[in-house]
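I opened this model to look up its strands, its helices and the surroundings of its ligand. My notes follow in the order of looking.

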Amino acid sequence: MGFLSRKPKSASVEVDDTHPIVEELKRMEEAVPERPAPAQGSQNPAPAPADPVSMPLTDEVSTETVEKTLPVTKTEDAEKVDEESGRMKASELIAPVRHEATEEVLESEPAVKHAEVIAFANQKGGVAKTTTTLNLAVAFAESGYRVLCIDLDPQGNLTMSQGIDPDKVEKSLYDVLVNDMPISEIIQHREIDIAVASIDLAGAEIAMSTKIGRERSLEKALKEVSGDYDFVCIDTPPSLGLLTINALTAATKVIVPVQCEYLSMRGLVQLQNTLKMIQENLNPAVKIEGILPTMLDARTVHAKEAVEILEENFGDLVFKSRIRKAIKFAEAPVKGASVLKYDSGSSAANYYRELAKEVLANGSS
Ligand SMILES: Nc1ncnc2c1ncn2[C@@H]1O[C@H](COP(=O)(O)OP(=O)(O)OP(=O)(O)O)[C@@H](O)[C@H]1O
Ligand SMILES: [Mg+2]
């Protein structure tokens with residue numbers, strides 16, 4: 001079955017144009033409609049509020065779009081105003097932004113090694129995304145790597161599994177994604193460093209929907225700390241909404257945990273379609289690192305068949321490592337610990353040490 005040799009990962013799928021996220025991204029990509037010019041003789045027309053629905057997908061705003069969108073008020077410096085149109089010169093509007101961007105590039109270019117960013121994603125709930133994010137992160141840390149975990153799920157399970165109550169968290173990823181707070185301000189230090197979730201993260205998708213470049217908020221926030229870590233491990237919610245899109249846009253690799261009992265091929269194809277869309281529109285570099293069979297009960301025929309089906313469909317994208325069922329995985333989070341800390345010598349802990357070895361052998365860091 002080609003199981004022992006890991007071929008180059010080249011699984012590609014047709015993009016399903018009817019997928020809701022394809023439609024959503026297409027809709028978001030539509031250009032900003034022309035806004036009527038300010039009425040003649042108007043002394044101080046109030047700038048019209050931006051229309052969130054028609055905002056462009058990224059912050060790469062064209063000169064023409066800016067000219068059309070922002071009317072000029074009388075209080076602005078006359079030299080910066082185009083005499084013919086009476087609007088602010090595009091160069092005046094765009095120049096400071098470009099300057100800032102150049103500085104950002106220069107700042108991020110010293111010979112510091114940037115973190116490998118791994119998103120753990122599957123829109124199906126309860127497949128061990130959070131368990132895998134934490135335990136693999138701790139396994140990397142045990143091997144001497146510097147690791148940051150990001151809890152991008154409003155349920156806050158990753159935050160809880162490090163003994164932090166998301167209901168009592170004051171500053172969280174909500175503030176980072178919505179209010180541009182530096183991510184360093186919300187990182188707490190436990191077994192690994194963790195950027196915490198709070199209950200209000202549930203409102204982040206709606207609050208972010210009016211932001212330009214909303215799907216790049218996490219990617220931008222990570223630039224601040226990217227040189228400080230070898231791995232950034234992002235736990236995502238069980239959906240393909242804006243939070244997960246932020247994770248996939250910031251990521252270099254995606255690990256897809258799959259519960260062998262309730263295998264959903266349709267769900268996996270849908271995830272691949274979404275990823276292909278992210279590759280085409282937002283992040284060409286992201287790729288699937290591997291599909292991870294979890295909660296495996298090797299004694300049952302059904303579980304064996306489920307793994308075979310995975311391998312037949314996804315070939316060497318399926319990890320060789322297997323995460324078997326163990327009660328310790330349910331016990332450890334209650335103690336606010338990873339399985340590697342809760343019972344370091346257990347076979348449950350070793351499943352994730354094996355996975356860490358496999359990921360490292362595949363060329364990460
Ligand atoms: N290998 C395992 N054996 C037994 N139980 C496990 C295993 N892995 C995870 N679990 C348990 O299964 C439940 C779901 O796991 P987890 O929370 O990691 O899934 P998830 O994909 O993050 O869920 P959600 O989609 O809700 O975020 C948890 O109670 C967890 O402790
Ligand atoms: Mg989870």
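How many bridges join strand 1 to strand 6, and do they run parallel or antiparallel? I found 3 bridges between strand 1 (residues 116–120) and strand 6, and the two run parallel. Strands pair here if DSSP finds at least two bridges between them. Helices (H or I, at least four residues) and strands (E, at least two) are DSSP runs, numbered from the N terminus.

Before going on I noted the conventions. This is a predicted model, in which local features need pLDDT of at least 70 and side-chain atom pairs count only at pLDDT 80 or more, while totals for chains, interfaces and linings use all residues. Residues are numbered from 1 along each chain as its sequence is written, and chains are lettered from A and ligands numbered from 1 in the order in which they are written.

**Strand 6 and its partners.** I looked up the partner of Phe120 in strand 6, and it is Ile255. On strand 7 (residues 287–294), strand 6 pairs in the parallel sense over 7 bridges. There, Pro257 stands opposite Leu292. Between these two strands the chain passes through helix 10 (residues 265–281), and this β-α-β crossover is right-handed (with the strands pointing away from the viewer, the path from the first strand over the helix to the second runs clockwise).

I then checked burial in strand 6 (residues 253–259): 7 of its 7 residues are buried. Buried means 20 or more other C-beta atoms within 10 Å of the residue's own, exposed means 12 or fewer, and partly exposed lies in between, with C-beta atoms placed from the backbone. In a regular strand the side chains alternate between the two faces of the sheet. In strand 6, Lys253, Ile255, Pro257 and Gln259 point one way, Val254, Val256 and Val258 point the other way, and all are buried.

Helix 10 has 17 residues and reaches 24 Å from its first C-alpha to its last, close to the expected 24 Å (1.5 Å times one less than its number of residues). Its buried residues include Leu268, Leu271, Leu275 and Ile278.

Helix 9 (residues 242–250) has 9 of its 9 residues buried, so the rest of the structure largely encloses it. I listed what these residues pack against: strand 1, helix 7 (204–208), helix 8 (217–222), strand 5 (231–235), strand 6 and helix 10. Contact requires C-beta atoms, placed from the backbone, within 7 Å.

**Two positive phi values.** Which residues other than glycine did I note with positive phi? Asp180 has a phi of about 55° and sits in the loop between helix 6 (173–179) and strand 3 (187–189). Asp180 is exposed, with 12 other C-beta atoms within 10 Å. Met295 has a phi near 50° and lies in the loop between strand 7 and helix 11 (301–314). Met295 is buried, with 20 other C-beta atoms within 10 Å.

**Ligand 1.** I found 19 residues surrounding ligand 1, the closest being Lys129, Thr130, Thr131, Pro238 and Phe329 (near means a C-beta atom, placed from the backbone, within 6 Å). Helix 4 (129–142) and helix 12 (328–334) each supply at least two residues of this shell. The shell divides into 9 nonpolar, 7 polar and 3 charged residues. Ala, Val, Leu, Ile, Met, Phe, Trp, Tyr, Cys and Pro count as nonpolar, Asp, Glu, Lys and Arg as charged, and the others, Gly among them, as polar.

**Whole chain.** The protein chain has 14 helices and 7 strands, and 37% of its 365 residues are buried.

Note on methods:
Two residues are in contact if their C-beta atoms, placed from the backbone, lie within 7 Å.
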